[in-house]
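Subject: Structure handover

Hi,

Here is the structure you asked about. Please open it first, then read my notes below.

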Amino acid sequence: QVQLVESGGGLVQAGGSLRLSCSASGLTFSRYNMGWFRQAPGKEREFVAGINPSGAITNYADSVKGRFTISRDNARNTMYLQMGSLKPEDTAVYYCATRRRLIGEYDYWGQGTQVTVSS
């Protein structure tokens, strides 16, 4: 079955950087759109960034544009989120997700990794 496993979360000071990874198995990774989402305590889950199967097309939430970069390595079945200039409001559980279709709901989700940014 499809499995997504996030890693790379942790505690970082404001202004710092982290790189999250999402390792995928059970699917032909290079055919799937991928995305990062996050959910802060007491808030709804929100979209962070997305990337198409080839990696040529990416999109970002306005709140992270210019600070975060999404990428993927299809040979390694892995997606990344490079996060820079981190702010306390970036504190959340970060999830990776995948879908076969270009638009619509995501089909599979990881278990999440905690990112905490201290001020």
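Ser 54 lies in the loop between strand 5 and strand 6 (58-60). Strands here are DSSP runs of E with at least two residues, helices are runs of H or I with at least four, and both are numbered from the N terminus. Ser 54 counts as exposed because its relative accessibility is 56%. The scale is this: buried is under 20% relative accessible area, exposed is over 50%, and partly exposed is in between (1.4 Å probe, protein chains only). Leaving aside neighbours within four places in sequence, Ser 54 is in contact with Arg 72 and Asn 74. Contact means heavy atoms within 4.5 Å. Asn 74 is 20 residues from Ser 54 along the chain, and their C-alpha atoms are separated by 7.9 Å.

A word on the source. This is a predicted model, in which local features need pLDDT of at least 70 and side-chain atom pairs count only at pLDDT 80 or more, while totals for chains, interfaces and linings use all residues. Residues are numbered from 1 along each chain as its sequence is written, and side-chain values use heavy atoms, with hydrogens and water left out.

Now the whole chain. The protein chain has eleven strands and zero helices. Its pattern along the sequence is β-β-β-β-β-β-β-β-β-β-β. The C-alpha trace spans about 40 × 25 × 25 Å along its principal axes.

Of the 119 residues, 45% are buried. Among contacts with a separation of 6 or more, 53% are between residues 24 or more positions apart. The chain exposes about 6300 Å², and carbon and sulfur atoms supply 46% of that area. Accessible areas come from the Shrake-Rupley method with a 1.4 Å probe, and for residues only the protein chains shown count as cover.

On charges, there are 13 positive and 9 negative, and their mean positions are 6 Å apart. Lys and Arg count as positive, Asp and Glu as negative; His and the chain ends are not counted. Each charge is placed at NZ of Lys, CZ of Arg, CG of Asp or CD of Glu.

Next, the inside. The largest nonpolar core holds 30 residues, and Trp 36, Met 79, Leu 81, Met 83 and Tyr 94 touch the most other members. Elements giving two or more residues to this core include strand 3 (18-25), strand 4 (33-39), strand 8 (78-83) and strand 9 (92-99). Strand 3 gives the most, with four residues. A nonpolar core is a set of buried Ala, Val, Leu, Ile, Met, Phe, Trp, Tyr and Cys residues joined through side-chain atoms within 4.5 Å.

Cys 96 is found in strand 9 and is buried, at 0% relative accessible area. Beyond four places in sequence, Cys 96 has contacts that include Cys 22, Trp 36, Met 79 and Trp 109. Thr 98 is also in strand 9. Thr 98 counts as buried because its relative accessibility is 0%. Not counting residues up to four places away, Thr 98 touches Leu 4, Leu 27, Tyr 32, Asn 33, Met 34, Tyr 106, Asp 107 and Tyr 108.

What about Ser 25? Ser 25 sits in strand 3 and is partly exposed at 32% relative accessibility. Leaving aside neighbours within four places, Ser 25 is in contact with Gln 1, Val 2 and Gln 3. The C-alpha atoms of Ser 25 and Gln 1 are separated by 7.8 Å, at 24 residues apart along the chain.

Last, some loop residues. Most residues other than glycine have a negative phi. Asn 77 has a positive phi, near 55°. Asn 77 is in the loop between strand 7 and strand 8 and is partly exposed, at 26%. Ser 85 also has a positive phi, about 45°. Ser 85 is in the loop between strand 8 and strand 9, partly exposed at 45%. Asp 62 lies in the loop between strand 6 and strand 7 and counts as exposed, at 64% relative accessibility.

Best wishes
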